[in-house]
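This report describes how parts of one protein chain pack together. Please examine the sequence and the structure before reading on.

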Amino acid sequence: MPDAERLRLEGRLVHGDGVAEGAVEIDGATGLITHVGPTEGRSDADCSGCLIFPGFGDIHIHAREDVSGKQVYKEDFTTNSAAAVHGGVTQVVDMPNNPTAPVDDARYAAKEQLTAKSDVHVTLYAGIGPGTHPLQRHVPYKAYMGPSVGDLFFTSQAQLEETIARYRGCNVSFHCEDPEILESSRHEATHEERRPARAEITATKFALELIERYDLTGKLCHYSTGEGLQQIMAAKDRGLRVTCEVTPHHLFFDTSMLTEANRMLLQMNPPLRARADRLALIEALRSGLIDYIATDHAPHTLEEKAVGASGVPLLDTYGAFATWLMAEHGFTPQDIARVCATNPGQFVREFLPGDFGEGYGRIQPGYLGSLTVLDPQTPYPVTRESVKTKCRWSPFEGFVFPGSVRYTVLRGKLHDVANRNRS
Ligand SMILES: [Zn+2]
C-alpha cells in the first residue's frame with residue numbers, strides 16, 4: 001500500500017542520456033520529485049519489464065469545452081482527462097478554436113475555470129484572429145493562417161500580418177495552410193487535393209518570415225510535408241526560435257493506405273500525405289528537427305465524421321504509439337523521452353503555476369512527480385470499448401500496438417491504467 005505522503009517507484013528510469021535502474025520518490029503534498037537514487041527492492045507499484053519516463057505532454061489538443069458548452073457532447077475537460085490518463089499523458093495544452101474563443105483576458109480566465117475538473121494539468125492557448133490583441137497575462141497563442149475547424153482564421157497573408165504585428169515577442173503557434181491556395185483548390189476531387197502540400201509549404205515560408213520579423217517564439221503545428229522540413233532546418237540553423245510538432249496520424253498513415261471504408265474517418269487538416277512524406281517526418285523526429293509528438297486530438301462523433309468533419313481523436317493511444325515507434329522504427333527510450341516529455345515540458349514551463357517547481361519533463365529532484373510508465377511487452381489491441389474519449393472511437397481500432405501504458409502518475413498520484421492490481 002503506497003504511503004499517503006509519498007510515492008516510490010523502482011525500475012528502469014529513462015533520462016535524457018540513457019536508461020538506468022533506479023528509484024524515484026515523489027512528495028504527495030507538493031507533487032514534486034524529492035529523491036532519485038538506487039533501487040532498494042521496495043517499490044509502491046510493480047514496474048517490472050517497464051520503462052519509467054518523465055510524464056508525457058501533449059501540447060496540441062482540442063478538449064472542446066468552453067463557456068458556451070456547445071461542443072461538450074463530444075468531449076469535455078473530464079473525459080479529455082480520462083483519455084489522457086489512459087494514453088499516459090500527464091499534461092496537455094488546449095487549442096482556442098471554441099465557439100466562444102478565448103481571445104482576451106476575460107474569456108481566457110472564464111475558460112480556464114472550466115479546466116479545474118481535469119486531473120491532467122491543462123494549459124490554454126489564447127486565439128489570434130482578425131482584430132485581436134495580446135492578453136495582459138503571459139500565455140501561449142495560436143494563429144490559424146487559413147480556415148480549418150471554427151471561425152478563428154484569416155483570409156489572406158496581409159490580414160494575418162496586420163494582426164501578428166501586435167504580438168511582437170510572443171509565443172505563437174501556427175497552423176500552416178495558405179488560405180489563398182486552399183481557396184483556389186476547393187473544387188478538387190478529394191480532401192487531400194483540396195488541401196495540397198504546397199498550401200503548407202507556402203504558409204511555412206510566411207510563418208517563418210513573421211517569426212523572424214516580429215521576434216516571435218514560434219511553433220509550427222502538425223507538420224505534414226517532407227519538402228517543408230528543409231525550410232525549418234534552415235530557419236533553425238540561422239537561429240530563429242522555432243519548434244515543430246508532428247502528429248501520430250501523419251507518422252502512421254499515408255495516402256496509399258486510404259480506402260473507401262476509411263477515407264472519411266481519416267480526414268483531417270492538414271490531410272494525410274504521400275508515403276515519402278511520412279518517412280521523412282519519422283526521420284526528422286528521430287534526428288531532432290521535429291521537436292514534439294503532439295496529437296491534434298480532435299474528437300468528433302462518428303455521425304460528424306460521416307459528413308466530413310476534419311480531425312481524429314488520439315489522446316487514448318499516445319503512449320501505445322510511442323511503443324510502436326520504438327518497436328517498428330527503432331526509436332530509443334531517450335528519443336521518446338525527448339519528443340514526448342522533455343520538449344513538451346520545456347514548451348509549457350513558462351506558463352505553469354508558481355508551485356509547479358521545475359515543471360514537467362525530467363526525472364530529477366525539483367521537477368513534478370508526473371511519470372509515464374510504459375510496458376513495451378504487453379500489446380494494446382485498440383477497440384472502441386477501450387477508449388475513454390467521449391466521442392468513443394479511434395482511428396487505430398483493430399490495430400494492435402506492440403506495447404501499452406501500465407501507469408500514469410499525476411503529481412505523485414498513481415493511476416493504474418493496465419489494472420494489473422485487479423486480479
Ligand atoms: Zn488542432
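Two residues are said to be in contact when heavy atoms of theirs lie within 4.5 Å. The model discussed here is predicted.

**A proline in a loop**

Leaving aside neighbours within four places in sequence, Pro313 is in contact with His297, Ala298, Pro299, Thr389, Cys391, Trp393 and Pro395. Pro313 belongs to the loop that runs between α10 (302–306) and α11. Its relative accessible area is 4%, and buried means under 20%, so Pro313 is buried. Although 13 residues separate Pro313 from His300 in sequence, their C-alpha atoms are 7.5 Å apart in space.

In soluble globular proteins, nonpolar side chains tend to be buried together. The largest nonpolar core here has 89 residues, and Ile164, Phe174 and Leu220 touch the most other members. Helix α11 (residues 318–329) supplies the largest share of this core, with seven residues. Another core, of 18 residues, lies apart from it and includes Leu32, Met95, Tyr125 and Val348. Beyond its neighbours within four places in sequence, Leu220 has contacts that include Phe174, Thr204, Leu208 and Ile232.

**Two packed helices**

The helices α6 and α7 pack with their axes 9 Å apart. The residues that meet are set out below.

| Helix | Range | Residues in the contact |
|---|---|---|
| α6 | residues 197–213 | Ile201, Thr204, Lys205, Leu208 |
| α7 | residues 229–237 | Gln231, Ile232, Ala235 |

By class, this contact of α6 with α7 has four nonpolar, two polar and one charged residues. The angle between the two helices is about 15°; angles under 35 degrees count as roughly parallel, and α6 and α7 are therefore roughly parallel to each other. Their crossing is right-handed.

Methods:
Residues numbered from 1 in each chain as written. Predicted model: local features only at pLDDT ≥ 70, side-chain atom pairs only at ≥ 80, totals over all residues. Heavy atoms only, no water. Core = buried A, V, L, I, M, F, W, Y, C linked by side-chain atoms within 4.5 Å. Buried < 20%, exposed > 50% of the residue type's maximum accessible area, 1.4 Å probe, protein only. Helix = DSSP H or I, 4+ residues; strand = E, 2+ residues; numbered from the N terminus. Axes fitted to C-alpha atoms, helices over the stretch in contact; angles between N-to-C directions. Parallel < 35°, antiparallel > 145°, perpendicular 65-115°, else oblique. Left-handed = near helix turned anticlockwise from the far one by under 90°. Nonpolar A, V, L, I, M, F, W, Y, C, P; charged D, E, K, R; others polar.
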